[in-house]
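Here is a short briefing to read alongside the sequence and the 3D view. Keep both open as you go through the points.

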Amino acid sequence: MNHYLVQVWAILRKDLLLEIRSLERIGAMGAFAVLAGVLFNFSIDTTAVRPDDVATGLIWMTLIFGGLLGVGRTFQLEAQDGALQGILTSPAPKDAIFLGKTIANFVLLYVVSILVLGVFGLFFGLDLGQNLGWVVFVLGIGSLGFVAVGTLFAAVAAGTHLKETLLPVLVFPLMVPMVIYGVGAMMPLVNGRPITEVEGNVRMLGAFTLAAVAAGAVLFRYVVED
Amino acid sequence: MTTAGMRRGGTVLTVLGLAGLIVLYWMCFFWVSTEVNQGVVQRIFYVHVPAAWTSFLAIGFAAVASAMYLWLRDDRLDRAALCAIEGGLVFATLVLTTGPLWGKIAWGTYWTWEPRLTLTLLLWFIFFGYIMVRNSTEDPEKGKRFAAVVAIIGAMDIPFIHLSVVWFRSLHPEPVVAKPDGPTLPGDMLATLLFGVLVFSLLFFGFFLFRYAVEALRAEADLRARSAT
């Protein structure tokens, strides 16, 4: 078990180190998220709708679009010089590779989601003070579920000639429960409702994330085998 | 079963299904009594519901075949999954055309986020994604594995999608909630519906066998072409 964790950590550390040194994906995702917030602001007539009512949904949509941008490149990191083959032929089990990659993607997306929350809170004048801890928690569960599905299908998409273009077609239909439960949990929280009111939604979001991580860990080996 | 046997089986089932379809239309238009509240438009129900049942049968069938393919690596299982998905796509399209036609009259709008309609739309896209993944992979073996993963994850996500869209619906109640079904369905309507389910299942398996025979022939032709070179 300990050995397994070391293998997960090796992949995770490598991916995060690459990201910290290049800041490529997080830069692109962060800039995308902030600019999306700017564009959303102009696409809504704030005299007709209350920004509080739409901001939560927009935060989740930005996370999904920005997430795809970053997650889609997960396997491009190793595209050169057969680096991916090197990792796959290493003795590390495939599920450990999947978990390492997923956690690395999760760290990236979580950083971006906190940024999105702050920026959208600022742009749309959200009052995040009351339930900030819970809001951040819900974003965390959602991000993890998203990257689990996203990482698995990023591996699939990388093996096709359409590459990342294929990713939304595969991922979006599966993301419906995440959007519904994520927004359903977060909107009342942002509006100052207590966590007990949205407990059911948070649980369903957690169940979705758990199923996504488990399914990804099991099925990943069939995607990358050669 | 041999390829020729498949074709024979496919022919028999399809002919039976088509004959059944004529009877179903007759029952639907002339025999079954008109529903009191909705009137004549409710008759589309006998095509709509069996088609929906068949498309969900297809994804279940494809997911089981895909999981078994990943385990046993028998090409026949992969072919079965592909044929089920293609059949499912046809029947899901049928659901998505008959649903809005009925909705326009019953609800006053072509589209509404009614949970089952939403679920079928997403199911359609899962079928679509399956076919797209297969077609965009150069190495056929890779395409088979990728597609199997799509089918399995898609089928696994369906309970989640179903629960979430039902919950979403309860948040936004429609002014007119028309529920065509229910345990208190009169006898002749139930009989027509069940007959419809039978007919559509026959058609599905008929198409399935035909399509399967085509895929088998293609695999055989590939093999011959390869051994010739």
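Over which residues of chain B does pLDDT stay under 50? The stretch is residues 173-178 of chain B, and the model has 7 contacts beyond four places in sequence for it. This is a predicted model, so please keep confidence in mind: where pLDDT is low, the predicted coordinates should not be read in detail.

**Confidence**

- The mean pLDDT of chain B is 85, and 92% of its residues score at least 70.
- Within chain B, the element with the lowest mean pLDDT is helix α1 (residues 3-31), at 87, while helix α2 (residues 45-72) has the highest, at 92.
- For the complex, the predictor reports an ipTM of 0.89 and a pTM of 0.88.

**Chain B at a glance**

- Among contacts in chain B with a separation of 6 or more, 81% are between residues 24 or more positions apart.

**Two helices packing in chain B**

- Helix α3 (residues 75-106) and helix α4 (residues 115-135) of chain B pack at an angle of about 150 degrees, and their axes are 9 Å apart.
- The crossing of α3(B) and α4(B) is left-handed.
- On the α3(B) side, the residues that meet α4(B) include B:Ile85, B:Leu89, B:Ala92 and B:Leu96. Their partners in α4(B) include B:Leu121, B:Trp124, B:Phe127 and B:Phe128.
- By class, this contact of α3(B) with α4(B) has 13 nonpolar, 4 polar and no charged residues.

**Where the chains meet**

- The contact between the chains takes 21 residues from chain A and 27 residues from chain B.
- On the side of chain A that touches chain B, the elements giving two or more residues are α7 (167-171), α8 (176-190) and α9 (199-224) of chain A.
- Which of these elements gives the most to that side? The answer is α9(A), with 7 residues.
- The residues on this side of chain A divide into 18 nonpolar, 3 polar and no charged.
- B:Phe160 lies in helix α5 (residues 140-171) of chain B. Is B:Phe160 buried or exposed? B:Phe160 is buried because 20 other C-beta atoms lie within 10 Å, and the cut-off for buried is 20 or more.
- Setting aside neighbours within four places in sequence, B:Phe160 is in contact with A:Pro177 and A:Phe208.
- B:Phe160 and B:Phe30 are 130 residues apart along the chain, and their C-alpha atoms are separated by 40 Å.

**The nonpolar core**

- The largest nonpolar core has 134 residues. Those with the most contacts inside it are A:Val156, A:Val223, B:Ala62, B:Ala81, B:Ala84, B:Val149 and B:Ala151.
- Helix α6 (residues 132-158) of chain A provides the largest share of this core, 16 residues.
- What does B:Val149 touch beyond its neighbours within four places in sequence? B:Val149 is in contact with A:Val156, A:Leu219, A:Tyr222 and A:Val223.

**A buried valine in chain A**

- A:Val213 sits in helix α9 of chain A.
- A:Val213 is buried because 22 other C-beta atoms lie within 10 Å, against a cut-off of 20 or more.
- Not counting residues up to four places away in sequence, A:Val213 touches A:Thr102, A:Leu144 and A:Ala148.
- A:Val213 and A:Leu122 are 91 residues apart in sequence and 32 Å apart in space, C-alpha to C-alpha.

**Two residues with positive phi**

- Most residues other than glycine have a negative phi.
- A:Lys163 has a phi near 50 degrees, a positive value in a residue other than glycine. A:Lys163 lies in the loop between α6 and α7 of chain A.
- A:Lys163 counts as partly exposed because 17 other C-beta atoms lie within 10 Å.
- B:Arg73 has a phi near 55 degrees, also a positive value in a residue other than glycine. Where is B:Arg73 placed? B:Arg73 is in the loop between α2 and α3 of chain B.
- B:Arg73 counts as exposed because it has 12 C-beta neighbours inside 10 Å, and the cut-off for exposed is 12 or fewer.

How values were computed. Residues numbered from 1 in each chain as written. Chains lettered and ligands numbered in written order. Predicted model: local features only at pLDDT ≥ 70, side-chain atom pairs only at ≥ 80, totals over all residues. Contact = placed C-beta atoms within 7 Å. Helix = DSSP H or I, 4+ residues; strand = E, 2+ residues; numbered from the N terminus. Nonpolar A, V, L, I, M, F, W, Y, C, P; charged D, E, K, R; others polar. Axes fitted to C-alpha atoms, helices over the stretch in contact; angles between N-to-C directions. Left-handed = near helix turned anticlockwise from the far one by under 90°. Core = buried A, V, L, I, M, F, W, Y, C linked by C-beta atoms within 7 Å. pLDDT = per-residue confidence, 0-100.
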